[in-house]
Amino acid sequence: MLSITAAATAARICSSRNSAAITAAAKTLTRHLATSHNFTDQDESKRFHPVYVHHLSKVVLEHLQNNRNDWVVGQGLESGLRLNPDGTFVLHFPTGSSGVDGGRIWTSYDGGTKQHWLSVYRGKVVGRFMIKDSSLLNNNDAEVNDRVRECVDQMIVKLTDIESSMSTP
């Protein structure tokens, strides 16, 4: 349990807006939390570490989180995220009751064609949406981000349409 003194000190230092003091307080607080929960130095190195997420993967994930959260939760995707070292991600659908792979959504980069892709596999459905073609010279960031969000929306519409057609007798 965090001591009241440590919390009060952290709050006082953070209110000072001194970034060096805030950083030092955060390190002290982290050490205090780690020792108060019986974490060893080895455990601390395994718990949290910085992770690289490519800009386009980040746009996909933010759009899913901020604008399509109901769909994500409805599909059971809220706990299936894996971030890859190259900045891409894989978002796993839950495994079926018979242990069958539920599918996945992922981003990838094709170095040969310089294209970024959003892909989906769900049951017998496989889809691929190009979210950026880096070989094109006029790739404006705002336009690319809009294109990424459009691809996410298209993917959701396709999956929803297929699921509803499969459930209709």
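The model is predicted, so local features need pLDDT of at least 70 and side-chain atom pairs count only at pLDDT 80 or more, while totals for chains, interfaces and linings use all residues. Residues are numbered from 1 along each chain as its sequence is written, and side-chain values use heavy atoms, with hydrogens and water left out.

Student: What pattern does the protein chain follow along the sequence?

Tutor: Helices (H or I, at least four residues) and strands (E, at least two) are DSSP runs, numbered from the N terminus. The protein chain has six helices and five strands. Read along the sequence, they give α-α-α-α-α-β-β-β-β-β-α.

Student: What share of the residues of the protein chain count as buried?

Tutor: Buried means under 20% relative accessible area, exposed over 50%, and partly exposed in between, with a 1.4 Å probe and protein chains only. The protein chain has 169 residues, and the buried share is 28%.

Student: Which residue in strand 2 is the bridge partner of Leu-83?

Tutor: Two strands pair if DSSP finds at least two bridges between them. Strand 1 (residues 81-83) and strand 2 run antiparallel, joined by three bridges. They form a hairpin with five residues between them, and Gly-87 in the turn has a positive phi of about 95°. The strand 2 partner of Leu-83 is Phe-89.

Student: Moving on to strand 3, which residue there stands opposite His-92?

Tutor: Strand 2 (residues 89-92) and strand 3 (residues 104-110) run antiparallel, with three bridges joining them. Leu-91 has Ile-105 as its bridge partner in strand 3. Opposite His-92 stands Arg-104.

Student: How many bridges join strand 3 to strand 4?

Tutor: These two strands run antiparallel, with strand 4 covering residues 115-122. The number of bridges is seven.

Student: Is Lys-114 buried, exposed or partly exposed?

Tutor: Lys-114 sits in the loop between strand 3 and strand 4, a hairpin with four residues between the strands. Most residues other than glycine have a negative phi. Lys-114 has a positive phi of about 60° although it is not a glycine. Its relative accessibility is 43%, so Lys-114 counts as partly exposed.

Student: Which residue caps the N-terminal end of helix 6?

Tutor: Helix 6 (residues 141-167) has 27 residues and reaches 39 Å from its first C-alpha to its last, close to the 39 Å expected at 1.5 Å a residue; the expected span is 1.5 Å times one less than the number of residues. At its N-terminal end, a side-chain oxygen lies 2.7 Å from the backbone nitrogen of Ala-142. The residue that supplies this oxygen is Asn-140.

Student: Which elements do the buried residues of helix 6 pack against?

Tutor: The buried residues of helix 6 include Val-144, Val-148, Cys-151, Val-152 and Met-155. An α-helix has 3.6 residues a turn, so residues three or four places apart point the same way. The packing partners are helix 4 (55-67), helix 5 (69-75), strand 3, strand 4 and strand 5 (125-133).

Student: Which helix gives the most to the lining of the largest pocket?

Tutor: Among the residues lining this pocket are Lys-58, Leu-61, Glu-62, Val-72 and Leu-91. Helix 4 and helix 5 each supply at least two residues of the lining. With five residues, the top contributor is helix 4.

Methods:
Contact means heavy atoms within 4.5 Å. A polar contact is a pair of N or O atoms within 3.5 Å; within protein, one must be able to donate a hydrogen and the other to accept it, and residues adjacent in sequence count only if both atoms are side-chain atoms. On a 1 Å grid over the protein atoms alone, a cavity is a set of points where a 1.4 Å probe fits but cannot get out, and a pocket is an open set with protein on both sides within 12 Å along at least five of seven lines; lining residues have an atom within 4 Å of a point.
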